[in-house]
Amino acid sequence: MSSRDMHRRRATSCDSTLVGPVALSVVISVFVLSGLLLGVKGLPWWYQALVCLAGLAALAGLWLTYLTDPGALTPAASLDALVEQLELGLPVPDGQLYSRDARGTWMRRLQPQPPAAQQPAAGQAHAAEPPAQYAKYCTTCNIWRPPRAHHCSTCGVCMER
């Protein structure tokens, strides 16, 4: 599904979600305009202008957040050739990087472990190793998901967090 299809789907199926940003925009606009037109007695003009700019920045942030792409990953049309080989039990390059999790999902280690020869000698400080990161294979989208991605059941595609 292309990003154009995602935007089209979002525009048709999520029209009711437009009510929130529009209502909040009206509230912020009323406050900004009332502060600009009526002013507050005893406050300098630059303070009133600063409050109006803050309201406009809030509006801009609201709409930029609403209209920004959520990070949808493009699904593939067919099963990855590497996963087909893994499923059949055939040897694959760097086969030690691939394993299954408890639910049977294929995982690929992104950072290979350093060789044992590079371990610190006895008496030296042992540096903490960063946790291993894995890319998981999504069988619905037929893609290797990055570590902080998940499959959205509402949208039907994988999303980056």
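Leaving aside its neighbours within four places in sequence, which residues is D101 in contact with? Taking contact to mean heavy atoms within 4.5 Å, D101 touches M107 and K136.

## Basis of the model

This is a predicted model, in which local features need pLDDT of at least 70 and side-chain atom pairs count only at pLDDT 80 or more, while totals for chains, interfaces and linings use all residues. Residues are numbered from 1 along each chain as its sequence is written, and side-chain values use heavy atoms, with hydrogens and water left out.

## Overall layout

The protein has four helices and six strands, where helices (H or I, at least four residues) and strands (E, at least two) are DSSP runs numbered from the N terminus. Read from the N terminus on, the order of these elements is α-α-α-α-β-β-β-β-β-β.

Of the 161 residues, 23% count as buried; buried means under 20% relative accessible area, exposed means over 50%, and partly exposed lies in between (1.4 Å probe, protein chains only). The protein exposes about 11600 Å², and carbon and sulfur atoms supply 62% of this area, as computed by the Shrake-Rupley method with a 1.4 Å probe, where for residues only the protein chains shown count as cover. Among contacts with a separation of 6 or more, 53% are between residues 24 or more positions apart.

## Loops and positive phi angles

After α4 comes G89, with a positive phi near 80°. Most residues other than glycine have a negative phi. D94, in the loop between α4 and β1, is not a glycine and yet has a positive phi near 55°; D94 is partly exposed, with a relative accessible area of 47%. N142, in the loop between β3 and β4, likewise is not a glycine and has a positive phi of about 60°, but N142 counts as buried at 15% relative accessibility.

D101 is found in the loop between β1 (98–100) and β2 (106–109). A polar atom of the D101 side chain lies 3.1 Å from the backbone nitrogen of R103, and the side chains of D101 and K136 are joined by a polar contact of 3.5 Å. A polar contact is a pair of N or O atoms within 3.5 Å; within protein, one must be able to donate a hydrogen and the other to accept it, and residues adjacent in sequence count only if both atoms are side-chain atoms.

## Aromatic rings

The structure holds four aromatic pairs. Rings of Phe, Tyr and Trp (its six-membered ring) pair if their centres lie within 6.5 Å, and planes under 30 degrees apart count as stacked, over 60 as edge-to-face and the rest as tilted. The rings of W46 and Y47 form an edge-to-face pair, because their centres are 6.1 Å apart and their planes stand at 85°.

Y98 and W144 form a tilted pair, with 5.8 Å from centre to centre and 55° between the planes. Since Y98 lies in strand β1 and W144 in strand β4, this pair ties together parts that are 46 residues apart in sequence. Both Y98 and W144 are buried, and together with Y137 they form one aromatic cluster.
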